[in-house]
Structure formats: structure tokens, C-alpha cells
Amino acid sequence: MNKIYFGDNLPILRELPAGSIQLVYTDPPFNTGKTQKRTPLRTVRDDAGDRTGYQGRRYRSIRLAGRDFADSFDDYLAFLEPRLLELHRILTPDGSLFLHLDYREVHYAKVLLDGIFGRDGFMNEIIWAYDYGGRSKKKWSAKHDNILWYAKDPENYIFNFEQMERIPYMAPGLVSKEKASRGKTPTDVWWHTIVPTNGREKTGYPTQKPLGIIRRLVRVHSRPGDTLLDCFAGSGTLGACAAEEGREFILIDNNPQAMEVMACRLASARPEFIGFDAQMGDASVLRMSLQRRVLPQSARTVINNSTEGRAKADLPSEPARTG
Ligand SMILES: C[S@@+](CC[C@H](N)C(=O)[O-])C[C@H]1O[C@@H](n2cnc3c(N)ncnc32)[C@H](O)[C@@H]1O
């Protein structure tokens, strides 16, 4: 049964049974000291508008309701530690934890996790490298995130090597044609774009992570029918991959805007909401997501059937193509 909990994750994690989750992927706030904020814009044709588009047409931008969450903790490790202890407890004996951080906190979290899982439990530090945004003129520009992998039992863990996707060789001319066409397996450095700003997968939730990164983890580190958990779920990227790959999911977030995005994005997986009334979600959030084509037709049908008259009247019958 897929479940989405609204609330602080610590008391919720404490209620989950020990040894019940095969894969935890989680992406806590990075302690940047800022509020993570995204203000979506919509443009409409207007001759007096502030933007110029295709063939010189003028458009006016409209700011839609923004989404944000605080990303600042006085003592980040004291915040993380009790949650990591619970995550270790709820993993099955062959389960794994993937903790997604950035360069600011990863070294401290590594020491903390070594203490919880044992140094032998540390399997990899995956570097997700991307190439987006401004460049510093004062130091090397930081363009990667860090994902720490810990196995509960380093001698016995789920690892479906044959499910690993193949990627192109950097210099295919240096290997045989056969090898070049088969591609190679990825290393611990993963080059992958951020969620494209106008792409189908974008939900508008700040810090949303790409499906391509999470899907790779789900396929290799869990089996169909397993239960996957993300206790800092945001837009529900882990849930989307779990549903795609025939796994069950448990998601937790304490931000109502995350709940609204997940209610829309994961509707076709028919999750049970705990502590949140998904049918009371903001119709504008549903509408924006539908316009971005983040949902398949089946999910749109679920939403159309499950939303009240006010929301229903606002929903487009066919979403517009934006990217
Ligand atoms: C970096 S975002 C996760 C983004 C997510 N990986 C995605 O792809 O959309 C971190 C999330 O943690 C949530 N959060 C922060 N503190 C929390 C807490 N104590 N309990 C539950 N959720 C929390 C925030 O609301 C935010 O949505």
C-alpha cells in the first residue's frame, strides 16, 4: 500500500516497524541557511507585456503562488542523527540507505553514518555532476551533489547488477564496435542534467531531483514489490520512480505544498494520505502541474474524479504542451 504522511518525519519514522523497508533514498534540506523558494511564472499574450517571444509577440508574466521551505538548522547533525538512527532500524537486513547531500554537510554526515552503520557499511559516495547555473570567479564552481550509500549488511545487500543501465563510452573509437554499441556501466560519478526547466518532469517544487538519478537507484537497489521510503519527500520523486518500477512507497514531508504536488503527481498510484486531506488541495497547483504534462491521462482521470466541483471546473480537458 502506497502511503504519504504529512508531518515531522521523526515521530512518524518511530512508528514504522523495524526491518520493513528495502531501500531508503532521502534528500534532506542541505542546511544552506536560505529559504528554498520557487516562484512559477505563467505568460499570457498581451501587447503591453514585459516579455518578447516568438516572432516578436509580446507577453505578460503572471506570478503564480510560490513554493518554499526553510533550509537552516542551528545544529544540522543533531537534527539528522535521530532520523538516521530510525532509518537504520527500519531497513531490512539486506536493505540500503542513500543519503543525498552536498559538499557543505557530506563529510560530517559520513562520520555520523559510519558510527551508525559501521565503517564497513559504507559502500560508495556517488557524485552526481551537473552543469547548470552561474560560475564563480573566486573559486572552482561547485557543480555536484553527493549521495552516500550505506548497506545494513555489507556482505548481503540487494544489488541487481543486470538492471544497471548502460551509458555511452566517452571515446567509443577506442573500443570494439560491439562494446561501443553495448555501452558501459556507470561508475560512482554520474553525469546527469538537473530537472530541465521546461521539461515534462518538472513539478515546480524547489530542489526537485531528476527521475534519471533516482530511477537508477531504484532499479539496482530494490526488487519489484519491495517497499521504498523517502522521509524528506518534497515533490515525491522517489514515489514516482517506485510506482513506475512496480515498487511500493512511503513518503513523508512536513510542507503542505509538497503534499499538494505529490497529490497531483502520484495520483495514479492511489496513495493513502495520512494527516493531509488530498481532496482539499489547491486547484491552481493541480492545474499548473497538468499544464506541464507531469501526469499521464490515467492520473488526470483520477484527479478529475476525485476533486470537488470548484477544482473540476478549473481543470483543462487536455493539458497544453510547454516543452
Ligand atoms: C531537498 S527537499 C526534497 C526534494 C525531493 N528529493 C524531490 O525530488 O522533490 C527536502 C524536503 O524536506 C522537507 N522537510 C524538511 N524538514 C522536514 C521534517 N522535519 N520532516 C519532514 N519533512 C521535512 C522539506 O519540506 C522539503 O520538501
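What follows is a chat about the sheet, the helices and the ligand shell of a predicted model.

Colleague: What should I know before I look?

Modeller: This is a predicted model, where local features need pLDDT of at least 70, side-chain atom pairs count only at pLDDT 80 or more, and totals for chains, interfaces and linings use all residues. Residues are numbered from 1 along each chain as its sequence is written.

Colleague: In what order do the strands of the open sheet run?

Modeller: The order is β11-β9-β10-β8-β2-β12-β13-β1-β14, 9 strands with mixed pairing. Strands (E, at least two residues) and helices (H or I, at least four) are DSSP runs, numbered from the N terminus. Two strands pair if DSSP finds at least two bridges between them.

Colleague: Which are the edge strands?

Modeller: β11 (189-191) and β14 (272-274), each pairing on one side only. From one strand to the next, the twist averages 15°.

Colleague: How many bridges join β1 to β14?

Modeller: 3, and the two strands run parallel. Tyr5 has Ile274 in β14 as its bridge partner.

Colleague: Which strands does α3 lie across?

Modeller: Helix α3 (residues 106-117) lies across β8 (91-101), β9 (122-129) and β10 (144-151), at about 5° to β10. Angles run from 0 to 180 degrees between N-to-C directions, and axes are lines fitted to C-alpha atoms, for helices over the stretch in contact.

Colleague: And which strands does α6 touch?

Modeller: α6 packs on the sheet against β2 (21-26), β12 (227-230) and β13 (248-253), and its direction makes about 170° with that of β13. Residues count as in contact if their C-beta atoms, placed from the backbone, lie within 7 Å.

Colleague: At what angle do α5 and α6 pack?

Modeller: About 55°, with the axes of α5 (residues 211-221) and α6 (residues 237-244) 9 Å apart. That makes α5 oblique to α6; under 35 degrees counts as roughly parallel, over 145 as roughly antiparallel, 65 to 115 as roughly perpendicular and the rest as oblique. On the α5 side the contact is made by Leu211, Ile214, Arg215 and Val218.

Colleague: Where do α2 and α3 meet?

Modeller: The axes of α2 (residues 76-90) and α3 come within 10 Å and cross at roughly 35°. Residues in α2 including Leu77, Leu80 and His88 meet residues in α3 including Tyr108, Leu112 and Phe117.

Colleague: Switching to the ligand, which residues come nearest?

Modeller: Phe232, Gly234, Ser235, Thr237 and Asn255, of the 19 residues around the ligand. A residue is near a molecule if its C-beta atom, placed from the backbone, lies within 6 Å of it.

Key: Two residues are in contact if their C-beta atoms, placed from the backbone, lie within 7 Å.
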